[in-house]
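Work through the exercises below with the structure open. Each task is followed by its solution.

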Amino acid sequence: MDVDWIVSAGLEVSKAFLDDLSPGALMALPYMFEFWALPHQLPPKADGWRTWVIMGGRGAGKTRAGAEWVRSEVEGNLPLTPGRSKRVALVGETFDQVRDVMVFGESGIMACSPPDRVPRWEATRRRLVWPNGAVAQCFSAHEPEGLRGPQFDAAWLDEVAKWKKAEEAWDMLQFALRLGEEPRQVVTTTPKNVGVLKTILKSPSTVTTQAPTEANRAYLAQSFLEEVRARYAGTRLGRQELDGVLMEDAEGALWSTRILEAARTEDVPQFDRVVVAVDPPVTSGPKSDACGIVVVGAVTQGPPQDWRAVVLEDVSVAGSPMVWAEAAISARDRWSADRLVAEVNQGGELVEEVLRQVDPLVAYRAVRASRGKAARAEPVAALYEQGRVRHVRGLSELEEQMCLMTVRGFEGKGSPDRVDALVWAMFDLMIAPAASFRRPQIRSLG
């Protein structure tokens with residue numbers, strides 16, 4: 001029986017359940033984390049894992065899960081009974097953060113411990129000592145050498161993705177985690193595109209649980225949730241910090257997370273032209289790629305170096321030709337776009353025919369690819385590096401594809417349909433017109 005069942009069963013059932021508990025059981029109930037925990041906060045049931053990574057958004061309950069896991073490792077059935085682990089390493093970015101968050105924080109070990117099992121804090125030795133003799137030592141990831149010498153049978157590592165010396169600290173800890181029959185460690189972190197986290201996740205002995213910030217909404221201020229969602233929903237930063245998704249940039253990527261975050265804007269100016277670009281899938285059906293549909297507006301006053309563009313919407317959709325044609329025409333109407341641009345390498349005249357079934361008078365231009373996807377994308381990526389392209393919110397899926405487009409080609413799954421559509425839009429609005437732009441010749445008066 002878990003708390004979700006009790007709550008959903010109604011007030012009468014909940015009251016009856018609590019009335020049936022003995023006074024001792026009622027006192028113990030707040031400390032029975034397996035009863036209250038969210039699914040992502042519970043340890044994996046499978047055997048054979050060495051590292052459990054709890055990856056979640058801000059406020060998703062990662063710290064509480066880490067603290068409760070340490071409790072489950074060191075505590076026995078009775079206050080003086082030994083637990084599974086006797087020597088624990090607590091590692092954070094700095095010692096102060098270990099002490100203030102992992103030990104004494106609102107969701108830290110001290111706050112989670114029942115009165116008869118609260119460990120003793122020995123400040124001078126930077127450690128916790130439980131009534132049963134178990135010990136947890138505190139370490140700073142800024143001082144990896146501090147992990148050389150001690151040995152442990154369990155470890156809790158908090159916010160690994162922001163450690164400055166993450167690789168060194170991680171390596172030193174792995175050498176120290178050598179006591180007992182099956183030493184284990186839990187990693188609680190908001191994901192970030194750093195090498196050490198990607199290495200941990202790729203290990204065959206790693207298991208992962210993941211949750212967004214809103215999974216823990218019952219314990220978070222509603223105003224906080226409303227504010228961060230309004231500000232960051234639909235952005236790569238929001239996917240990372242709120243949804244707990246690891247946003248990777250492929251090696252040699254034409255776009256990076258840093259460039260895309262710098263391109264964020266709330267300002268939508270009056271455009272000279274707006275286009276809807278369409279990259280139709282090669283096939284249709286349940287397993288086919290999506291049809292890339294991206295809306296871009298541009299201000300093209302003055303010389304080409306002054307031109308600017310804003311990516312307004314990504315309405316890429318999977319489905320039949322009629323489904324994506326209707327989505328493209330709807331986007332045109334919504335943004336009062338001047339033209340639809342569509343790649344016809346695969347669909348040929350069929351693409352135009354399908355679009356004209358929805359609107360016979362649609363302003364339409366067919367384009368054909370004569371170079372590879374990466375070669376076409378490079379001049380568009382250059383516009384971003386020059387700061388001439390901005391993104392509104394809500395483009396996270398497009399941005400994920402962009403960060404997987406490399407000089408070698410696309411390194412994601414399937415086709416980069418959204419990126420292809422973006423590239424065609426930018427070619428129609430900025431690159432092709434700039435190539436044909438001619439400065440007026442100034443005749444010498446000398």
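**Exercise 1.** In this predicted model, find which residues Asp-279 contacts beyond its neighbours within four places in sequence.

*Solution.* Start with the location: Asp-279 belongs to strand E9, residues 273–279. Now list the contacts. They are Ala-290, Cys-291, Gly-292, Glu-343, Asp-417, Asp-420, Ala-421 and Trp-424.

**Exercise 2.** Decide how far the nearest side chain of opposite charge lies from Asp-279.

*Solution.* That side chain is Lys-373, 5.2 Å away. A salt bridge requires nitrogen and oxygen within 4 Å. Asp-279 therefore has no salt bridge, although Asp-279 is buried.

**Exercise 3.** State how many salt bridges the whole structure holds, then examine the one between Arg-64 and Glu-68.

*Solution.* The search finds 30. Arg-64 and Glu-68 pair at 2.8 Å, N to O. Both sit in helix H5 (residues 62–74), four residues apart, so about one helical turn separates them. Next, check accessibility. Arg-64 is partly exposed at 26%, and Glu-68 is buried at 6%.

**Exercise 4.** Work out what separates Glu-352 and Arg-356 along their helix.

*Solution.* The two residues are four apart in helix H14 (residues 349–358), which means about one helical turn. Glu-352 is partly exposed, at 28% relative accessible area. Arg-356 is partly exposed, also with 28%. Elsewhere, salt bridges with shared partners link Arg-64, Glu-68, Arg-71, Glu-75, Asp-116 and Arg-117 into one network.

**Exercise 5.** Classify Arg-332 as buried or exposed, and identify its salt-bridge partner.

*Solution.* Arg-332 has a relative accessible area of 14%, so Arg-332 is buried. The partner is Asp-333, with closest N and O atoms 2.6 Å apart. Asp-333 is partly exposed at 47%.

Key
Residues numbered from 1 in each chain as written. Predicted model: local features only at pLDDT ≥ 70, side-chain atom pairs only at ≥ 80, totals over all residues. Heavy atoms only, no water. Buried < 20%, exposed > 50% of the residue type's maximum accessible area, 1.4 Å probe, protein only. Lys, Arg positive; Asp, Glu negative; His and termini not counted. Contact = heavy atoms within 4.5 Å.
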